[in-house]
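Please consult the sequence and the coordinates alongside the text.

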Amino acid sequence: MTGSARRSGSRSAEIADAISFMEVQMTKVKLGKTQITVNQNGFGCLPIQRISKEAAAGLLRKARENGIDFFDTARAYTDSEEKLGEAFGGSWDGIFLATKTGSKTPEGFRRDLETSLKNLKRDYIDIYQFHNPEFCPKPGDGSGLYECMLEAKAQGKIRHIGTTNHRLSVAHEAIDSGLYETLQFPFSYLSGEKELELVKKCEAADMGFIAMKALSGGLLGNSEACSAWFSKFPNVVPIWGIQRESELDEFLSYVKNPPALTEELQALIEKDKKELQGEFCRGCGYCMPCPAGIEINNCARMIQLIRRSPSAAHLTPEAQKKMLQIENCLHCGQCKSKCPYGLDTPALLQKNLQDYKEILAGKPI
């Protein structure tokens, strides 16, 4: 054997060993009865609508090349689907794709589905989800929406039926119905017993659970702690919202070497839960629009954002103007009635405004 041949053989062995190592290290999750098995690090594609097509395609391809194989998007995410199509069109092998329709009519459903397939440059969608419906679509309910799902599945345009929601009651109804193969719901280590119950209930029903807002809408800043915490849930796939290469690199490091839930990380989690759990705004935005023009989804959690991220961006004249808009609150109660978490939103806004004014007056952050 020549020296070059020995080196070639040695290199092949190294590559094989590396692949074997990654296969051993990677944490895989089966999404219930779909039988879809993916890495426990999904790519949430909402943020890529904020970057160029070229930058998005580069991020998506890098994610795929390094072990991320589940991507979640939606028809409502402007050009997110188009960017996925640019990145993977014609080469979707080994990738599982979930997208959503927010349509309330059969005509809109079919239009959304055809648009998604065209944008994605794909013949079918692995998991097609209703996007946060106000009710749980079922056969014979008069909306015709679930019948559209069945029609699309029979045509081979979708493989599995899923739903997303922010309302516990609708989520429970979806699980109890037996009509859905996956549920997507907000879930992080700030979640309470009610959300934990959903996860357990999905596992018992052999239903895949996809965790949105795995960083709790940006409140949680230690992605290692978040990733380690999810290792406790073998039936859950968190989808990390990614728009920067530095963010992607963080999660790729967890793909190859899943972090252990150490005592140090557990202590950090407990500290965050003590400070943040309870009446905190998740920033989901379902209270919007506000008749008084208040940017509720950010203003109702402003103090948490200031204390947990570089504060300068939240204290600019523009930010101050938005916060002072709270003074024009009509106390109409619309936001409170629409909050899926049952928060007293007007009171939360007033509390944040008071704290904000104290910070502007020189109170230490």
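The structure is a predicted model. A search of the whole structure finds 19 salt bridges. Side chains of opposite charge can pair when their charged atoms come close.

- Asp 79 and Lys 83 form a salt bridge, with 3.2 Å between the closest N and O atoms.
- Asp 79 is partly exposed, at a relative accessible area of 24%.
- Lys 83 has a relative accessibility of 2% and therefore counts as buried, the cut-off for that class being under 20%.

**A pair between a loop and a helix**

- A salt bridge joins Lys 138 to Glu 173, and their closest N and O atoms are 2.9 Å apart.
- Lys 138 belongs to the loop between β6 (125-130) and α5 (145-154), while Glu 173 sits in helix α6 (residues 168-177), so this pair ties together parts that are 35 residues apart in sequence.
- Both partners are partly exposed: the relative accessible area of Lys 138 is 28%, and the relative accessibility of Glu 173 is 32%.

**A network**

- Salt bridges also link Lys 62, Glu 245 and Asp 249 in a network.

**A pair within helix α10**

- The side chains of Lys 273 and Glu 270 meet in a salt bridge, at 4.0 Å from N to O.
- This distance counts as a salt bridge because the cut-off is within 4 Å.
- Lys 273 and Glu 270 are three residues apart in helix α10 (residues 263-276), and are therefore separated by about one helical turn.
- An α-helix has 3.6 residues a turn, so residues three or four places apart point the same way.
- Lys 273 is partly exposed at 24% relative accessibility, and Glu 270 is likewise partly exposed at 39%.

**Span and faces of helix α10**

Notes
Residues are numbered from 1 along each chain as its sequence is written. This is a predicted model: local features need pLDDT of at least 70, side-chain atom pairs count only at pLDDT 80 or more; totals for chains, interfaces and linings use all residues. Side-chain values use heavy atoms; hydrogens and water are left out. Buried means under 20% relative accessible area, exposed over 50%, partly exposed in between (1.4 Å probe, protein chains only). Helices (H or I, at least four residues) and strands (E, at least two) are DSSP runs, numbered from the N terminus.
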